[in-house]
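Please read this briefing with the sequence and the structure side by side. The points are grouped by topic.

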Amino acid sequence: MNYDVVIGLEVHAELKTNTKCFCSCKNESGNEPNTNCCPVCVGLPGALPVLNKFAVEQTIRAGLALGFEINKTAIFERKNYFYPDLSKAYQISQLVKPICINGSLRVGEKDIPINRIHLEEDAGKLVHANDGSTLVDYNRGGVPLIELVTEALQEPHIETADEAIEFLEKLRQVYIYAGVADCLIEKGQMRADVNVSLKPKGSKEFGTKVEMKNIMGFKSVHRAIQYEIERQRDILDDGGKIEQETRKWDDDKGISFTLRTKENSQDYRYFPDPDLLAVEIDDSIIENVKNTMPMLPQELKNKYMQEYGLSEYDADVLLQFKHVSDFYNDCLSGYNQPKTVCNWLTTEIMARIKTETGAGPILISKQNLIWLMKNVDDKKINRLSAKEVLSQIWGTDLNAEEEAKRQNLIIDIDTSALDGIVKQVVENNANVVSQFKETGDSKILNFLVGQVMKETRGKANAGDVMAKIKDIVNS
Ligand SMILES: [Zn+2]
């Protein structure tokens, strides 16, 4: 039987703020366990939370970047449950009136509707030690977290694992460019819950949802979704029924297993937090966030394509990593040649920074790269030599110009000397030259250019040399 697949996503991202959501403890990872804690974030009796205004602004920023409406009044509720990483036995979250409602994100040709973004606090972390004991670190407890929920029961929705990943990657890009979150996946700063259901093709009625919680890494999300689609398809094909449940994805084994079923699902007993007033968000706050919004990926993409004439492919390569597009914009302010700079970045620089999971830092200064690009364009240094210099100064504090001079790579041969060398090479390679006359084979021409470059020790411009050889041969 054929089925429609319906995929819903709930995405958590840790906000970039200096302090936690309801106290003045630092929002920082990598510290000694249980050092960024206070009576408020561990929930000692009598301690009172104070809302971090900047966390609210960051949530609004995330919302505006995705075209959300901002609620004029937002409410914080307590979500009650017990778990060792949550010392208060409740999490401050938002249920009835979140800060952002009704946004969307474009995936392929679809605008995927997003129900909400709400602000909540993160829980601490359990650390399972080798001796079988479990330790708890509350440093992360109280860190501001935004949760985004897609509207899976509406059209259009996410239908494949590939679309889910595209959604997550685009979302991550928007958050990073907007400056609301760093979204370092390996540090757990962005985590996704996924729900999957199948329905007979064309049916208006949605199937039973199965949820998978806290999957780390987009590759795992992809695998987990595909596994779940197959699992449900097999059950339905055999005439079985899908049970509403939460499953846990085991990435090592490549399978998921039941965590809890609907019968024992939790009732969180949400109620408004009596210690926190409703948040009034007036227009001036929203205006202020709008006015300080950095350029978002789509805006930059339009600029790159329309103003700079880049191809969509090149624009996407530059925008894939924010530090690369920042560097690109920086270089243009010193050398306004959008296509040249793009070519260098998308080939030479990307080749040096790309890793399996992302991209490392750019280990050359803007000034040095501009010097190389400009002098290649001005025919003062050959492209090949420039690439060599780039390799040599990469990751060092060497200067491109000094290095090029030290290695005698600056093109400074005078015309008559070059003419002489070209003539000599043509004469010495009479057989090859006649072969070229017959076939016009570009490989032969390149060989001759190579011979001249060797004689000049790379101090002539390869383009000039080629033109000169052609002149002689054709005369
Ligand atoms: Zn605290």
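Cys41 has a relative accessibility of 9%, and it counts as buried because the cut-off for that class is under 20%. The model is a predicted one. Cys41 is also one of the protein donors of a zinc ion, and the points below begin with that site.

**The zinc site**

- The zinc ion has the protein donors Cys23, Cys25, Cys38 and Cys41, each through its SG atom.
- These donors lie 2.3 to 2.4 Å from the zinc ion.
- Along the sequence, the donor residues follow the spacing C-x1-C-x12-C-x2-C.
- Cys25 and Cys41 link distant parts of the chain, being 16 residues apart. Cys25 sits in the loop between strand 1 and helix 1 (39-42), while Cys41 belongs to helix 1.
- Cys25 has a relative accessibility of 11%, so this residue counts as buried.
- The 4 donor atoms make angles of 101 to 113 degrees, and the site is tetrahedral. For four tetrahedral donors, the ideal angle is 109.5 degrees.

- Strand 1 (residues 3-14) pairs with strand 11 (residues 190-200) in the antiparallel sense, over 11 bridges. Within this pairing, Val5 has Leu198 of strand 11 as its bridge partner.

**Strand 13 and its partner**

- Strand 13 pairs with strand 12 in the parallel sense, over 3 bridges.
- Arg247 in strand 13 is the bridge partner of Met212.

**The domains**

- The domain assignment divides the chain into domain 1 (3-287), domain 2 (294-406) and domain 3 (415-474).
- The centres of domain 2 and domain 3, taken over C-alpha atoms, are separated by 32 Å.

Definitions and conventions:
Residues numbered from 1 in each chain as written. Predicted model: local features only at pLDDT ≥ 70, side-chain atom pairs only at ≥ 80, totals over all residues. Heavy atoms only, no water. Pairing = 2+ DSSP bridges. Helix = DSSP H or I, 4+ residues; strand = E, 2+ residues; numbered from the N terminus. Domains from an automatic or database assignment. Donors = N, O, S within 2.8 Å, 3.2 Å for Na, K, Ca; no water. Tetrahedral: all angles 85-135°; square planar, octahedral: opposite > 155°, others 65-115°. Buried < 20%, exposed > 50% of the residue type's maximum accessible area, 1.4 Å probe, protein only.
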